[in-house]
Amino acid sequence: MSIEEIFSKRRQIRAAWDQKRLPSKETIHDLLQRTLNIAPSKQNLFPFKIHAYGPDNLEERKIIGQICALHPTGSVNHMDSENKKGMIKTEMGNINVNEHVLDDEGNDMRLSPWVLVFEQRLCEPNNFIKEYSKLHNITDEARFTQVDGKRFRESTNKSLACVEIGMFCKILAGLCLENNLGISYIKSFPEWTWAGQRGEYNKNTNKVGLEWDSLPEITECPIMVVQIGYVADVDDFFASNSIDPNWFHWENKPSLETILEYHKKEAR
Amino acid sequence: MSIEELYSKRRQIRAAWDNEKVPPKELIYDLLKRTQNIAPSKQNLFPFKIHAFGPNNYKEKKIVEQICCLFEVGAVNNFNYNEAERDKAGESNTLPPWVLVFELRKCKPNKFIIEYGERFEGGPSTRYTQIDENKFRESSNRTLAAIEVGMFTKILAGLCLENDLAISYIKSFPEWAWKGQRNEYSKNKNNVGLSWDSLPEITEAPLLVVQIGYKADMVDPLSSTVEVDGVIYSTKGGVLIEDKPSIDTIVQFKD
């Protein structure tokens, strides 16, 4: 199957996660190991950590759902409905979400069996860093600030971690799709920004849902949430990938010319 | 070909770009178009812009390589190499036919943003700050753009590899961070090479540099990898140093 065929299969799953057929821990571990084997990282450091919450972590997965609820209406996957007896505001008026997202056994199909939380990480110097620093008579931290306890949170390293997490997730997505697993990405949650002068994170507040501090294991800047599971054979009530342009959630990407600029200069 | 087989083929090219066999503009456009068709983006906004410098942009590509030269020794691709190393590398082989510079972009509201955003007090830009002139450069949007650039680039890499094209990534250049209170970018200085201001087209935070071309049929003298019995290793002075962290270092299962 070509790259286009594989990645064209991906859809953002909102309320159609199969609650009966669950990927095992071994499957998820294997997919992550294979991704790590082929994913690129500057100096091979992989400046991020993945917290993996599985089928047995229902409480934590619900907390993450609430962390990813930033707005009074229309938050991603509408997990804020937990606080409103299931009621949410939609373009069709107020509805009880439980009438649309529960499977025949009453399980909430918005909850993916696996949730991965990517956070920034202080790296240990690897052999390359050590050899290189020795060769140039510098400390490990002098050049490679990903291994510097005082500087690894800086904007430069966060930007690097973001690009590499994007690449890592796209490879992971390809492997998931090859194995008929669904994968969704969430980037709607309170952001943390490192305030170097104060030596602490500036944490955005969540006026609707929960804070990252509700999950004590998250101690560094959260960068991305990824959901993995099998897709149930149901209509996804919150799907936004409509093929009907008259439907509210119309898929309209910008034209390539909007994001691409060729620079025409004379040949040398 | 499986995802693993395809992406396992990718190697960072440093000084082995083929300058006789050059991908035409039409091919690069087609690859980018196909990438955009299947790449994900929050609210479909694609909050980045790609500056494409091709075979005719020699001067600009030389500037970009000097921008990606942050250190006196061992800068990425050794763009600051001394004369002896220059001969060894062969200057032409260090310069790829195509260089893409990804920068942050203020988006225009699309149909979804307009229709959905109008339901909120203050209008669409209250919620979708990627379209807000005063907020699109903020840290959260830059973070989002960097992740999406990573995803976009990895799909592009897959399409390149399917077409026997090589693709390299560079993230060693002076970074720009937005200082909202001062309403300007704080631009890291480059003490060795050039700054992004040397390239007037770049006006927003640069996020990633990508190189694309065919690999020449030669050993890459600046390569950090070596192949032994079909397995790729990184070396330094004969010491194998391809040492990614273990999966257990970066993954923690919550049991």
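H51(A) sits across from Q252(B), a residue of β10(B). This is a predicted model, in which local features need pLDDT of at least 70 and side-chain atom pairs count only at pLDDT 80 or more, while totals for chains, interfaces and linings use all residues. Residues are numbered from 1 along each chain as its sequence is written, with chains lettered from A and ligands numbered from 1 in the order in which they are written. The strand β10(B) covers residues 251-253 and runs parallel to β1(A), to which 3 bridges join it (strands pair if DSSP finds at least two bridges between them; helices are DSSP runs of H or I with at least four residues, strands runs of E with at least two, numbered from the N terminus).

Across the interface, 72 residues of chain A are in contact with 75 residues of chain B, contact meaning C-beta atoms, placed from the backbone, within 7 Å. On the chain A side, α7(A) gives the largest share, 17 residues.

The two chains also share an open sheet of 5 strands with mixed pairing, ordered β9(A)-β1(B)-β2(B)-β6(B)-β3(B). β9(A) and β3(B) are at the edges with a single partner strand each, so one side of each lacks a neighbour in the sheet. Neighbouring strands are turned by 20° against each other on average, direction ignored (axes are lines fitted to C-alpha atoms, for helices over the stretch in contact, and angles run from 0 to 180 degrees between N-to-C directions).

As for β3(B), 5 bridges pair it with β6(B) in the antiparallel sense, and Y169(B) stands opposite V210(B). Helix α8(B), residues 139-162, packs on the sheet, touching β1, β2, β3 and β6 of chain B, and its direction makes about 5° with that of β6(B).

Terms used: Contact = placed C-beta atoms within 7 Å.
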